[in-house]
Amino acid sequence: MKAILISIRKEWWDKIKTGRKKIELRKTAPKKLEGTCTCYVYVPEYKAIVGQFLLAGVALVQPSEELEQTSQVPIEKQIEYKGDGSLYGWLI
């Protein structure tokens, strides 16, 4: 099984831990993802790896209100973050 180290800010990690955040938004996607993958979470505020989650898959997404519910990121911030590039939803 493949493993990935991912840096996530404390506010987002807290939402992942409680189950409210089911999609992590990123500008990139892992290469050659086959099946599930373990993501080890580094939180910069703690300067430590604090946990892990299983990555079920990755999808190319567009900013939307529905994505706001699953990612916990307001649509305005989704649009700003995406800019002119791609936006991927990492499925937790």
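Predicted model: local features only at pLDDT ≥ 70, side-chain atom pairs only at ≥ 80, totals over all residues.
Me: Hi! Is Lys47 buried or exposed?
Reply: Lys47 is exposed, at a relative accessible area of 69%. Here exposed means over 50% relative accessible area, buried under 20%, and partly exposed in between, with a 1.4 Å probe and protein chains only. Residues are numbered from 1 along each chain as its sequence is written, and side-chain values use heavy atoms, with hydrogens and water left out.

Me: Thanks! Where is Lys47 found?
Reply: Lys47 sits in the loop between S3 and S4. Its phi is positive, about 55°, although Lys47 is not a glycine. For the labels, helices (H or I, at least four residues) and strands (E, at least two) are DSSP runs, numbered from the N terminus.

Me: And what is phi of Gln72 near?
Reply: It is near 65°, a positive value in a residue other than glycine. Gln72 lies in the loop between helix H2 (65–71) and helix H3 (75–82), and it counts as partly exposed because its relative accessibility is 24%.

Me: New topic: how do the side chains run along S1?
Reply: They alternate along strand S1 (residues 3–7).

Me: In which sense do S1 and S3 pair?
Reply: Parallel: S1 and strand S3 (residues 37–43) pair over five bridges. Two strands pair if DSSP finds at least two bridges between them. Ser7 stands opposite Tyr42 in S3.

Me: How many residues has the largest nonpolar core?
Reply: The largest one has 19 residues, and those with the most contacts inside it include Ile6, Trp13 and Val41. S3 gives the most to this core, with four residues. A nonpolar core is a set of buried Ala, Val, Leu, Ile, Met, Phe, Trp, Tyr and Cys residues joined through side-chain atoms within 4.5 Å.

Me: Back to single residues. Is Glu24 buried or exposed?
Reply: Glu24 is buried, since its relative accessible area is 5%. It is found in strand S2 (residues 23–26).

Me: Which side chain does Glu24 make a polar contact with?
Reply: The side chain of Arg26, at 3.1 Å. A polar contact is a pair of N or O atoms within 3.5 Å; within protein, one must be able to donate a hydrogen and the other to accept it, and residues adjacent in sequence count only if both atoms are side-chain atoms.
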